[in-house]
Amino acid sequence: RVVLGIAAGLAMLVGGDRAIRRAMRAFGQGLMGGGLAMLYAALYAAFSLYQLVPQPVAFGAMVLVMAAGMTLAVRHDAVAMSFLAVLGGLLTPGLLSTGVDARDSLFTYLLLLDLGALAVAFFRKWRWLDVVAFVGTVSLYIGWYNRFHTTKAMVPALLWLGAFYLVFLLLPFLYHLRRKEEAPWSRVIMALVNATFVFITAYIILGDDHQRITGFVALGMSVCYVVMG
């Protein structure tokens, strides 16, 4: 079943690529989107349902599927495929979770995924890809915090939170800064949501025993926005 699923997914990707080359754009994109979904499902089944492969192998294979989907999306200017590829990449840690805290591995993967998605959004002007990456990042961070966070992990949790804050502070505006164009309101709203999430989360992580540090968090964020302004 797994082999048939992988074979079908690959065949749909190849068929979709050929269909687009023959000017059947909508049909080709549909085939490639279905192929990505088929590959994700087959790899999930191989690890979770049938225990045929270890977690690192399944994880690496899903990352390759996501990278292939993003490459095909950029090649064929298919924004829908990019959304599906990034969504699959964001779901991968949850689908392949073993119940063990892998904070640094998870957030390193998530940071690389965000940078890749935002780079594609930058060069292809797919602005909503930023939003998908941001929502997925927030969801995975909250999921990790609710399940694994302890007071001993306060400093690493804040450092990773700061890293994600800087990514979504800078990258959504880089295109407009480079072109010297006025940023639309959607970028400003995203910056406000990013700031709100980061400050509230930092406040919760610090708790009652370290509330005075939140003043320095607010000051640091203010400096970042002054520089951006």
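## Burial and the model

A residue is called buried when its relative accessible area is under 20%, and because Phe134 has a relative accessibility of 9%, Phe134 counts as buried. The structure discussed here is a predicted model.

## Aromatic pairs across the chain

The model holds 10 aromatic pairs. In one of them Phe107 and Tyr141 are stacked, with 5.3 Å from centre to centre and 15 degrees between the planes. This pair links distant parts of the chain, since Phe107 belongs to helix H5 (residues 103-124) and Tyr141 to helix H6 (residues 128-148), 34 residues apart. Both partners fall under the cut-off for burial: Phe107 has a relative accessible area of 0% and is buried, and Tyr141, at 1% relative accessibility, counts as buried.

Phe134, with which this report began, pairs with Phe168 in an edge-to-face arrangement, the ring centres being 5.2 Å apart and the planes 75 degrees apart. Here too the pair links distant parts of the chain, with Phe134 in helix H6 and Phe168 in helix H7 (residues 154-179), 34 residues apart. Phe168 is buried as well, with a relative accessible area of 2%, while the value for Phe134 is 9%.

## The aromatic cluster

The stacked partners Phe107 and Tyr141 are also members of one aromatic cluster, which they form together with Trp144, Trp160, Phe164 and Phe197.

Note on methods:
Residues numbered from 1 in each chain as written. Predicted model: local features only at pLDDT ≥ 70, side-chain atom pairs only at ≥ 80, totals over all residues. Heavy atoms only, no water. Phe/Tyr/Trp six-rings, centres within 6.5 Å; stacked < 30°, edge-to-face > 60°. Helix = DSSP H or I, 4+ residues; strand = E, 2+ residues; numbered from the N terminus. Buried < 20%, exposed > 50% of the residue type's maximum accessible area, 1.4 Å probe, protein only.
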